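Reader: Could you take a close look at one chain for me and walk me through how it is built and what it touches?

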Amino acid sequence: MRIALKRLPMLLLAFLLLAPHLAVAQEVPGVSAEAIRIGSFGALTGPGYLYGRLVMNGVEAVFDKVNAAGGVHGRRLTLVREDDRCEPSGAIAAVRKLVFQEQSFALVGGGCSNATLAARGEIEQSGVPFVNFASVHDGITLPRARNIFSTALTSGIESQAQIAYALDQGARRIAVVSMRDAWGRSRYEPLMAEIRRRGITLVADEEVPPDANDATPQVLRVRQANADAVILLLYPKPGAVFLRDAAKFGFRPLAIGQSGIADPAAFEEQVGVPGATARFVTISMVRYTPDSPEVAAWRDAIQAKYPADRLSVFNLFGIGNAQTLVEALRRAGPQPTREGLIAALNTISDFPTDAFGSGITCTPEDGRCNKTVVWIQKPPGGPIRVIGTTTVQ
Amino acid sequence: MLSGLTTGSIYALVALGIVLVYKATGTINFAHGDQLMIAGFLAYTLHVMLGLPYLVAMLGAVIGSFLLGALAERIGFRAVLRSNLINVVLATLGLSFVLKGVARLTWGGISDYLSFPPLVSPDPIMIGDLILLPQQLVVTAGALVVMGLFALFFRLTTIGRAMQATADNPKAARLVGIRVEHIHMLAFAVGAAVAGAGATLMAPLTLLYPDIGFTLFIKGFAAAVLGGLTSLPGALVGGLAIGIVEALAAGYIHSSFLEVSAFIAIMLTLVLRPRGLMGGPPPRRA
Amino acid sequence: MRQPVLLGLAGALALAVLPLVANPYLLFVGNQLAIFVILAVGLNLLVGYCGQLAFSHAALSGIGAYGTALLKVHLGLPFFLALPCGALLATAVGLAISYPALRLSGLYLSLATLAFAQFTLWVFMNWEAVTFGAGGFRVPAPSYPLIGAGLGTYYLSLALAVLLALAAASLVRSRLGRAMIAVRDGEVAAEALGINLLRTKAMAFGLSAFYAGVAGGLQALMLGYMAPESFDLFHMALMKAMIVVGGLGSIAGSVIGAGAVLFLLEGLRAFKGAQEIAFGSLLIAAVVFAPRGLAGALNRLPRWRESYLRRPARDAAP
């Protein structure tokens, strides 16, 4: 026993020496004659899994469809998933593993803003092309890193659109209700910058925590401030609690959501009080809701592959993201290189996907490839309708 | 202030289960919030997905949680209860991870927050100047009913008295012929069943998602400790106190103080009254 | 006692040559390991040796991390000064919270420290002028003589982990260490022996907080990005898991436990989405089948001697 224990470090060392050589040497990392390996990081566990696992499911659905049709230039696409646990150290470990251990050709991913921001340095340094699918923080794509792209709307784009919408609707007394977590802050700060830029004074600035079950005090303050438009920087749950408690007092201002509350039909049920969402509009990152007939094929694909799931907007984020990546891989030609893929991504212009509000356009100057905000609303008793789009330049 | 009462009764419902387990076993079940979450999803499956009546779903959730609690005790906690407190804490934390993972894989792909249809009319009602949602009244009343039932259970039934005896002194309880293992198992099972009832009551207000359990547990734990950990009325008072403190802090200071006010209150209370507001001496541990 | 030390040093040596062969991912995991070891040893001093079931360790490491990073960012203090200052800040806070702790025991202490941990996170998220709020902030890379930032932090962490583990191993055999164990095994008896309860508990809290602060500071250097979620209760649960899986009241156990938990965290990546289930099940299995931790199992080996396990073996009395 004693000898065995003493040898343990040596064995460990031997293993570590061998480990890097176990991967087959390749000319282009992640590309073989048969397959291309795409790495994906995001939350598979913890509360952030919506912005990780579910989006990856959408990516995988696209890959399956492409593979069934013969792949990209004859190569199958495989997705390697890594959990970032929605935190900086998890994201850095996941990215390093995907790049150096799994030899991924390119990366898609990113759900939690802080995690993705923390890994940005790693990604930029590695030079591996990365297309972000769900993190909204502006700092991920700005300043421009040549290998980083995003098919997600950034929080700055949405904030500008929210203010523009409120002013268009004639709002004079604007209030903000926000969450103070990383997600909420990534929207709050650009919103405040936009408010300062336009010289607006907020009439109320309240906070509702993500797990709140009651928002009466916040509602009373906003009502007291006589706000005519409320910008909600909230997840669906606190958002629903806020609108429910507002309805309790008969207070129904124009309520402006963002892509975190992307399914107004589900939101109406979550609020639970009839008519409380009548003046609620929100941003969809995607053009369709999960019930739209236009996405029936994807609905079936998701349900066939993940029987317990239903198609969600999170899946759609991944579907639009993967379609963009696949198009770029096609354009990168039969002998793809990472540089070739980056160049190909930069040629994507007004590319239609089955998900996003309008065409995807990436340029060498701007990696924010999705800039079209789709406004949607669900009148009580009626279906969801698209009431307009705002494209931010 | 009044809105704090509804939130408070949700916390109190959580605290009841925690106190129940503590009274019989002298430990805290860190998975209590997640048992509540699972029960909520069970009720959702029965009521929304299978279309069974609300009361049947509630019964199903209660029975399901009861069995789950008993199973958890048998597999995990029984072996650990005899060793030190931190091992029990860790075992229950382990269970908490497992339950969250299971919920994410089973129900996590349906939507972000599942809405549970309300038991009563969703329209707000007025009582004098007060505006209330009927569902909020249901939760408050439910908390009182559940608490009353358990007070009776402890006073009047043999099993209830045996549970009290075990908590007070396990060795003596064993001497008079009480099977301590069974009592422990029962306590975990009943604690989980209370979570089941609570989950079905509060689900229309709180919505359902895999991570709902932890915040509820923390606040419920806080309520239980404020109330002295061993007292059922204490749990109710503690829960309401925390709900009200949160509402007041959000109303009179700023809403950013809502989250932290409960914790500041706990720290102050424990510094001033180290055994909570209504706590007696601690039960001896097995 | 010598065998665990030798084995530990052999492990450290293996880690020291790791950068020659490993890819950046393994290097990151190795660095994480060194930091986990410091965290686990520090927590074990408080929980395993002194018997105080506190939930403030993750928050204290956060104070060390924020202290280090913010001193650099706001005041431009170089890291070789900022790191010890951050650790001392954590120590001061740890000492401060030990005073109420004297009056609390068991679960009441747990809840009070839990509340403190949540309060600390709230401060990180809301004191935006200083902590930059929930969105976190970038920490500039440290510079070291001769080697790059990544390698430099790696070797610094490794050296501190070895140093602090050895210090803890000798501390628990000192007068203070014995006093801590006496407090754990019975406060009344300890007082009867003339041990100053307040002083002993305060020292345990302060020492443990110092370890947490050093680990936090190193974390800040390694990640280059600070955000409140790196110090939440999930991380507290991880640290608890390290010392219980490793062995309460054992320095060797802390080291082994830190390794085991990290191995699980990274190894369970293979489960893709079911990690939570696998991790939770393994935690339950660990406390059910090895209630005294891996160190308890190791102690049955011939020639493996480490005293002061939580439940002292017959031959372990000093």
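**Chain C up close**

Author: In chain C, 75% of the contacts with a separation of 6 or more are between residues 24 or more positions apart; two residues are in contact if their C-beta atoms, placed from the backbone, lie within 7 Å. Bear in mind that this is a predicted model, where local features need pLDDT of at least 70 and side-chain atom pairs count only at pLDDT 80 or more, while totals for chains, interfaces and linings use all residues. Residues are numbered from 1 along each chain as its sequence is written, and chains are lettered from A and ligands numbered from 1 in the order in which they are written.

As for what it's made of, chain C has 14 helices and two strands (DSSP runs numbered from the N terminus: H or I of at least four residues for helices, E of at least two for strands). Its radius of gyration is 19 Å, close to the 20 Å from the globule rule for 318 residues, so chain C is as compact as a globular protein of that length. That radius is taken over C-alpha atoms, and the rule is 2.2 Å times the number of residues to the power 0.38. Along the principal axes, the C-alpha atoms of chain C fill a box of roughly 50 × 45 × 40 Å.

Now for the neighbour: 34 residues of chain C are in contact with 38 residues of chain B. On the chain C side, α5 (106–126), α11 (233–246) and α13 (275–289) each supply at least two residues, and α5(C) gives the most, with eleven.
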